[in-house]
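I opened this model to see how its chain is put together. My notes follow in the order I looked things up.

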Amino acid sequence: MILCYSRLLACSPVRLLVLVLALVSVGAMSLASRCESCGMPMETNEQHGAQNPNNPYCIHCTDMKGKLLPFEKKFEELVKTAMDTRWMNREQAEKYVLQQMAQMPAWTETVAHLKQGAASQ
Ligand SMILES: [Zn+2]
(Lines give C-alpha, C1' and ligand atoms only; values in the text may rest on other atoms or scores of the structure.)
Protein backbone atom coordinates (compact mmCIF):
# COMPACT_ATOMS: atom_id res chain seq x y z
CA MET A 1 0.00 0.00 0.00
CA ILE A 2 2.77 2.41 0.97
CA LEU A 3 4.75 1.42 -2.08
CA CYS A 4 1.76 2.01 -4.27
CA TYR A 5 1.24 5.47 -2.86
CA SER A 6 4.85 6.51 -3.31
CA ARG A 7 4.74 5.36 -6.93
CA LEU A 8 1.69 7.43 -7.49
CA LEU A 9 3.47 10.43 -5.99
CA ALA A 10 6.52 9.81 -8.14
CA CYS A 11 4.66 10.00 -11.40
CA SER A 12 1.93 12.49 -10.56
CA PRO A 13 4.13 15.64 -10.55
CA VAL A 14 4.97 14.97 -14.18
CA ARG A 15 1.32 14.54 -15.03
CA LEU A 16 0.50 17.66 -13.12
CA LEU A 17 3.16 19.58 -14.99
CA VAL A 18 1.84 18.38 -18.34
CA LEU A 19 -1.66 19.35 -17.31
CA VAL A 20 -0.52 22.80 -16.17
CA LEU A 21 1.45 23.32 -19.37
CA ALA A 22 -1.56 22.32 -21.45
CA LEU A 23 -3.79 24.71 -19.53
CA VAL A 24 -1.28 27.55 -19.83
CA SER A 25 -0.94 27.09 -23.58
CA VAL A 26 -4.73 27.07 -24.00
CA GLY A 27 -4.95 30.20 -21.85
CA ALA A 28 -2.20 31.93 -23.80
CA MET A 29 -3.94 31.17 -27.06
CA SER A 30 -7.20 32.70 -25.94
CA LEU A 31 -5.32 35.70 -24.58
CA ALA A 32 -3.73 36.44 -27.95
CA SER A 33 -6.82 38.20 -29.20
CA ARG A 34 -6.78 41.01 -31.71
CA CYS A 35 -7.74 44.58 -31.02
CA GLU A 36 -11.24 45.15 -32.36
CA SER A 37 -10.30 48.65 -33.42
CA CYS A 38 -6.96 48.28 -35.24
CA GLY A 39 -6.41 44.51 -35.45
CA MET A 40 -3.19 44.49 -33.49
CA PRO A 41 -2.56 41.11 -31.80
CA MET A 42 -2.58 41.49 -28.01
CA GLU A 43 -0.39 38.86 -26.37
CA THR A 44 -0.08 40.31 -22.88
CA ASN A 45 -2.44 42.09 -20.52
CA GLU A 46 -0.32 45.22 -20.89
CA GLN A 47 -1.31 45.48 -24.54
CA HIS A 48 -5.00 45.70 -23.68
CA GLY A 49 -6.62 49.03 -22.94
CA ALA A 50 -6.12 49.99 -19.26
CA GLN A 51 -4.14 46.72 -19.04
CA ASN A 52 -7.42 44.90 -18.62
CA PRO A 53 -7.41 41.54 -20.46
CA ASN A 54 -11.18 41.83 -20.91
CA ASN A 55 -10.78 45.04 -22.89
CA PRO A 56 -11.31 44.21 -26.58
CA TYR A 57 -9.20 47.21 -27.63
CA CYS A 58 -5.45 47.68 -27.47
CA ILE A 59 -3.50 50.27 -25.53
CA HIS A 60 -3.10 52.42 -28.67
CA CYS A 61 -6.83 52.63 -29.31
CA THR A 62 -7.91 53.54 -25.78
CA ASP A 63 -7.41 56.32 -23.26
CA MET A 64 -5.97 55.92 -19.76
CA LYS A 65 -9.25 54.47 -18.51
CA GLY A 66 -9.45 51.91 -21.30
CA LYS A 67 -12.17 53.75 -23.19
CA LEU A 68 -12.10 53.53 -26.98
CA LEU A 69 -10.73 56.70 -28.61
CA PRO A 70 -13.06 58.80 -30.78
CA PHE A 71 -13.25 57.75 -34.43
CA GLU A 72 -11.77 61.02 -35.72
CA LYS A 73 -8.70 60.70 -33.53
CA LYS A 74 -7.99 57.09 -34.45
CA PHE A 75 -8.71 57.78 -38.12
CA GLU A 76 -6.27 60.70 -38.19
CA GLU A 77 -3.61 58.62 -36.47
CA LEU A 78 -3.99 55.70 -38.87
CA VAL A 79 -3.98 58.02 -41.90
CA LYS A 80 -0.69 59.53 -40.73
CA THR A 81 0.79 56.06 -40.14
CA ALA A 82 -0.34 54.92 -43.57
CA MET A 83 1.22 57.99 -45.19
CA ASP A 84 4.48 57.41 -43.31
CA THR A 85 4.80 53.68 -43.70
CA ARG A 86 3.06 52.98 -47.00
CA TRP A 87 4.17 56.01 -49.01
CA MET A 88 0.61 57.09 -49.70
CA ASN A 89 -0.65 60.58 -50.29
CA ARG A 90 -3.38 61.90 -48.03
CA GLU A 91 -6.23 60.88 -50.34
CA GLN A 92 -4.94 57.35 -50.80
CA ALA A 93 -4.25 56.97 -47.10
CA GLU A 94 -7.75 58.14 -46.13
CA LYS A 95 -9.34 55.66 -48.52
CA TYR A 96 -7.09 52.87 -47.35
CA VAL A 97 -7.70 53.53 -43.64
CA LEU A 98 -11.45 53.79 -44.12
CA GLN A 99 -11.40 50.43 -45.85
CA GLN A 100 -9.38 48.90 -43.03
CA MET A 101 -11.55 50.40 -40.30
CA ALA A 102 -14.74 49.22 -42.02
CA GLN A 103 -13.59 45.67 -41.32
CA MET A 104 -13.01 46.28 -37.60
CA PRO A 105 -15.83 45.40 -35.18
CA ALA A 106 -15.29 48.70 -33.36
CA TRP A 107 -15.83 50.86 -36.45
CA THR A 108 -17.99 48.88 -38.87
CA GLU A 109 -21.09 50.86 -37.94
CA THR A 110 -19.34 54.22 -37.79
CA VAL A 111 -17.90 53.78 -41.27
CA ALA A 112 -21.25 52.56 -42.61
CA HIS A 113 -22.91 55.69 -41.21
CA LEU A 114 -20.20 57.90 -42.69
CA LYS A 115 -20.65 56.34 -46.12
CA GLN A 116 -24.42 56.71 -45.84
CA GLY A 117 -23.98 60.36 -44.93
CA ALA A 118 -21.60 60.94 -47.82
CA ALA A 119 -23.97 59.24 -50.25
CA SER A 120 -27.02 61.30 -49.22
CA GLN A 121 -25.23 64.63 -49.63
ZN1 LIG B 1 -5.95 48.90 -31.35
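Predicted model: local features only at pLDDT ≥ 70, side-chain atom pairs only at ≥ 80, totals over all residues.

How many of the 121 residues of the protein chain count as buried? I get 15% of them. I call a residue buried if 20 or more other C-beta atoms lie within 10 Å of its own, exposed if 12 or fewer, and partly exposed in between, with C-beta atoms placed from the backbone.

Ground rules next. Residues are numbered from 1 along each chain as its sequence is written.

**Layout.** I find four helices and two strands in the protein chain. Their order along the sequence is α-β-β-α-α-α. Helices (H or I, at least four residues) and strands (E, at least two) are DSSP runs, numbered from the N terminus. I also checked contacts, meaning C-beta atoms, placed from the backbone, within 7 Å. Of those between residues at least 6 apart in sequence, 20% join residues at least 24 apart.

**Helix α3.** I looked up residues 90-102. This helix has 13 residues and spans 18 Å from first C-alpha to last, close to the 18 Å expected at 1.5 Å a residue. The expected span is 1.5 Å times one less than the number of residues. Which residues of α3 are buried? They are Ala93, Val97 and Met101. They sit on the same side of α3 because they cover an arc of only 60° around the axis, taken from the directions from the helix axis to the C-beta atoms. Residues three or four places apart point the same way because an α-helix has 3.6 residues a turn. On the other side of α3, I see Glu91 and Gln99 exposed. The buried residues of α3 pack against α2 (71-85) and α4 (108-120).

**Cores.** A nonpolar core here is a set of buried Ala, Val, Leu, Ile, Met, Phe, Trp, Tyr and Cys residues joined through C-beta atoms within 7 Å. The largest has seven residues: Leu78, Val79, Ala82, Ala93, Val97, Met101 and Trp107. Another core, of five residues, lies apart from it and includes Cys35, Met42, Cys58 and Cys61. Beyond its neighbours within four places in sequence, Trp107 contacts Ser37, Phe71, Met101 and Ala102.

**Positive phi.** Ala50 is not a glycine, yet its phi is about 55°. I place Ala50 in the loop between β2 (41-42) and α2. Ala50 counts as partly exposed, with 15 C-beta neighbours inside 10 Å. Trp87, also not a glycine, has a positive phi near 50°. Trp87 lies in the loop between α2 and α3. Is Trp87 buried or exposed? Trp87 is exposed, because 9 other C-beta atoms lie within 10 Å.

Terms used
Contact = placed C-beta atoms within 7 Å.
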